[in-house]
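Below are some notes for a colleague who has not seen this structure before. Please read them alongside the sequence and the model.

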Amino acid sequence: MNTYFSQHPVFKDRRQAGRALAQALKSRVQGQPLVLALPRGGVPVAYEVAKALAAPLDLVLVRKIGAPGNEEFAVGAVAEGNPPYCVADQAMMALFGASQDWFDAERDRQLLEIQRRRRAYCGDRPAPDVSGREVVLVDDGVATGSTARAALLALAAIGPSRLLFAAPVGAREAVAMLRPLVDELVCLEMPEPFRAVGLHYDRFEQTSDDEVVRLLAASRMG
C-alpha cells in the first residue's frame, strides 16, 4: 500500500482501477470468492475484479444517511439484510442536531430506496447467501468509510468464511477504521492529504443504473 503527495489522477477510470486491484487480490484470495460491489460506483471496479478472479459478481446495497440540511455529511448508514443493519454516528448526529426520531424516519426512507434498487438492478433475484463463503467487498474509493463499514458489519453478521475489503484509493484514517472488520484489506493508494475519491481518477463520471444492470448481466454470462 502506497502513500503519495501528488493530487494528479492515479487511475484512468474505474475499469482500469479494477484491473489494478485484481492483480493485488490474486495472491490474497483462497479459491473462488464471491465478489460484492457497493453500487453504483463500485460496480465497474468490482466487475474487473470478478472477471480477473473468475468469480461471481453481485451487489450489497447500502445507503448513506446524510445529515439534515447537508446530505454530503454522513451521520450513519443502513445496509440491506434480514434484518437490515444500521450504523449511527452519535457524535455527528449531535453536531447536526439530528434527533433519533429523525434518524429512524430517514433510515426507513433509505430502506425503501434499497428495495427499489434491488428490484431495478437484480429483478426477482434475491441477495446472495454469503454464509460460509469467502467474500470480497469492492468499492471505487473510501472517503469517510461509513458506507463500507455498514456493509462489512452486515456481511460479518451473516458469517462468511473470510471477509476481504478492496478499494483502489482511500483516506488513511478511514482505511484504518475498516481494517479490524476484515480478514484482509487492500487499498492501492492512500494519498495525503486526501480530499475526494474522484480527484484520483482521470475520468470519474457517475455510474448509471443502466451500466450497473449491464455489467451484472455481462458478468453472469462470463
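1. The model discussed here is predicted.

2. Helix H4 (residues 100–122) packs on H7 at an angle of about 50°, and their axes are 9 Å apart. H4 and H7 are therefore oblique to each other. On the H4 side the contact is made by Arg 116, Ala 120, Tyr 121 and Cys 122, and on the H7 side by Asp 209, Val 212, Val 213 and Leu 216. Sorted by class, the contact of H4 with H7 has six nonpolar residues, two charged and no polar ones.

3. Helix H7 (residues 209–221) also packs with helix H2 (residues 42–53), here at an angle of about 15° with the axes 10 Å apart. That makes H2 roughly parallel to H7. The crossing of H2 past H7 is left-handed.

4. Which residues of H2 meet H7? They are Val 43, Pro 44 and Tyr 47, which meet Glu 211, Val 212, Leu 215, Ala 218 and Ser 219 in H7. The contact of H2 with H7 comprises six nonpolar residues, one polar and one charged.

5. On the scale of the whole protein, there is a division into domain 1 (14–61 + 130–219) and domain 2 (63–122). Their contact takes 17 residues from domain 1 and 16 residues from domain 2. The centres of domain 1 and domain 2, taken over C-alpha atoms, are separated by 21 Å.

6. Between domain 1 and domain 2 an area of about 1400 Å² is buried, and carbon and sulfur atoms give 65% of that area.

Note on methods: Residues numbered from 1 in each chain as written. Predicted model: local features only at pLDDT ≥ 70, side-chain atom pairs only at ≥ 80, totals over all residues. Heavy atoms only, no water. Axes fitted to C-alpha atoms, helices over the stretch in contact; angles between N-to-C directions. Helix = DSSP H or I, 4+ residues; strand = E, 2+ residues; numbered from the N terminus. Parallel < 35°, antiparallel > 145°, perpendicular 65-115°, else oblique. Left-handed = near helix turned anticlockwise from the far one by under 90°. Contact = heavy atoms within 4.5 Å. Nonpolar A, V, L, I, M, F, W, Y, C, P; charged D, E, K, R; others polar. Domains from an automatic or database assignment. Buried area = accessible area lost by both parts, 1.4 Å probe.
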